[in-house]
Amino acid sequence: MFQQEPASPLPTVRPLRVPVPTTRVRPLQTAPAERSLSASRIGAHVKTLRMAAGTSASRLAKLAGISASLLSRVERGLVSPSVATLDRIAEGLRVPVSRLLSDQGCRMDFCHVPAGRGLTVDRIGADSDHRYELLGHLLSGNLFAEPYLVTLSPDAEPCVTHQHPGLKFLYFLSGRIAYRYGSKTVSVGAGDSLLFDATSLHGIEAVDSGPVSYLSVLLALRD
């Protein structure tokens, strides 16, 4: 026979009941892993260069010899690619590996000059009869670029004594002239172009027909 439990000395006390929770307990969610700043920067460079080259992601992955999924993770900054992987991607893009590692984001310049809104630069001496309209200016980087729209006045005097560091590119828009470079003279007109090392003497030797206008771009390394 079962023994009857003795009566409680406190007959008014009832057993404590734990209330049933009205909401479910959700497991703690871990915060997503933070992306590496350097990996995000490299991925942005890779994607920008790929799009500038007009290459699809699958095509670049094939050229680099890596999987498309790996390239996708690299471009999104989800992984820190190895040096070997970066070297393969650079080869696929036909750029040096340094282009993928350089911090371009903090030193990118963009210059927009509307038509006819270039800065007119006054020149002294032989260039005083040339109108120079500066078409842009970059403040950062190791390369100095100076693009001008040059227009000769009707009474412009020939000058073949220009000489300075850098490379110069000329694209002629109108007129016809004789242009001297060192000991060589060439006849150039609208649609013609010249590219040369500006450390040699150069300049317009004679004006055959006008009006003369041309685009002049000087490229040089900053001091």
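My entries on the fold, the strands, the aromatic rings, the surface and the charged pairs follow.

**Entry 1: ground rules**

I am working with a predicted model, in which local features need pLDDT of at least 70, side-chain atom pairs count only at pLDDT 80 or more, and totals for chains, interfaces and linings use all residues. Residues are numbered from 1 along each chain as its sequence is written, and side-chain values use heavy atoms, with hydrogens and water left out.

**Entry 2: overall layout**

I began with the secondary structure and found five helices and eight strands. Here helices (H or I, at least four residues) and strands (E, at least two) are DSSP runs, numbered from the N terminus. Read from the N terminus, the order is α-α-α-α-α-β-β-β-β-β-β-β-β.

I then looked up burial: 28% of the 223 residues count as buried. Buried means under 20% relative accessible area, exposed over 50%, and partly exposed in between (1.4 Å probe, protein chains only).

For contacts (heavy atoms within 4.5 Å), I noted that 63% of those between residues at least 6 apart in sequence join residues at least 24 apart. The accessible surface is about 16000 Å², and carbon and sulfur atoms hold 57% of that. These areas come from the Shrake-Rupley method with a 1.4 Å probe; for residues, only the protein chains shown count as cover.

I picked out one residue pair for each partner. Arg-176 faces Ser-209 in β8, Ala-178 has Ser-187 of β6 as its bridge partner, and Leu-170 sits opposite Leu-194 in β7. I also checked the turn of the β5-β6 hairpin: two residues lie between the strands, and Gly-182 there has a positive phi of about 65°.

**Entry 3: aromatic rings**

I counted five aromatic pairs. Rings of Phe, Tyr and Trp (its six-membered ring) pair if their centres lie within 6.5 Å; planes under 30 degrees apart count as stacked, over 60 as edge-to-face and the rest as tilted.

Phe-172 and Tyr-214 have ring centres 5.2 Å apart and planes at 40°, so I wrote them down as tilted. They link distant parts of the chain, with Phe-172 in β5 (residues 167-181) and Tyr-214 in β8 (residues 202-221), 42 residues apart. Both Phe-172 and Tyr-214 are buried.

Tyr-179 and Phe-196 are tilted too, because their centres are 5.9 Å apart and their planes stand at 40°. Tyr-179 lies in β5 and Phe-196 in β7 (residues 193-197), so this pair ties together parts 17 residues apart in sequence. I found both Tyr-179 and Phe-196 buried. Together with Tyr-181, these residues make one aromatic cluster: Phe-172, Tyr-179, Tyr-181, Phe-196 and Tyr-214.

**Entry 4: a nonpolar patch**

Which element gives the most residues to the patch? I find that β5 does, with four. Leu-143 belongs to β3 (residues 143-152), and at 46% relative accessibility Leu-143 counts as partly exposed.

**Entry 5: salt bridges**

I looked up three salt bridges, each a side-chain nitrogen of Lys or Arg within 4 Å of a carboxyl oxygen of Asp or Glu.

- Glu-75 and Arg-50 meet at 2.6 Å, N to O. Glu-75 is in α3 (residues 68-75) and Arg-50 in α1 (residues 37-52), 25 residues apart. Both Glu-75 and Arg-50 are buried.
- Glu-133 and Arg-131 have their closest N and O atoms 3.3 Å apart. Glu-133 is buried at 5% relative accessibility, whereas Arg-131 is partly exposed at 41%.
- Arg-180 and Glu-205 have their closest N and O atoms 2.5 Å apart. They link β5 and β8, with Arg-180 partly exposed at 24% and Glu-205 partly exposed at 30%.

Technical notes:
Pairing = 2+ DSSP bridges.
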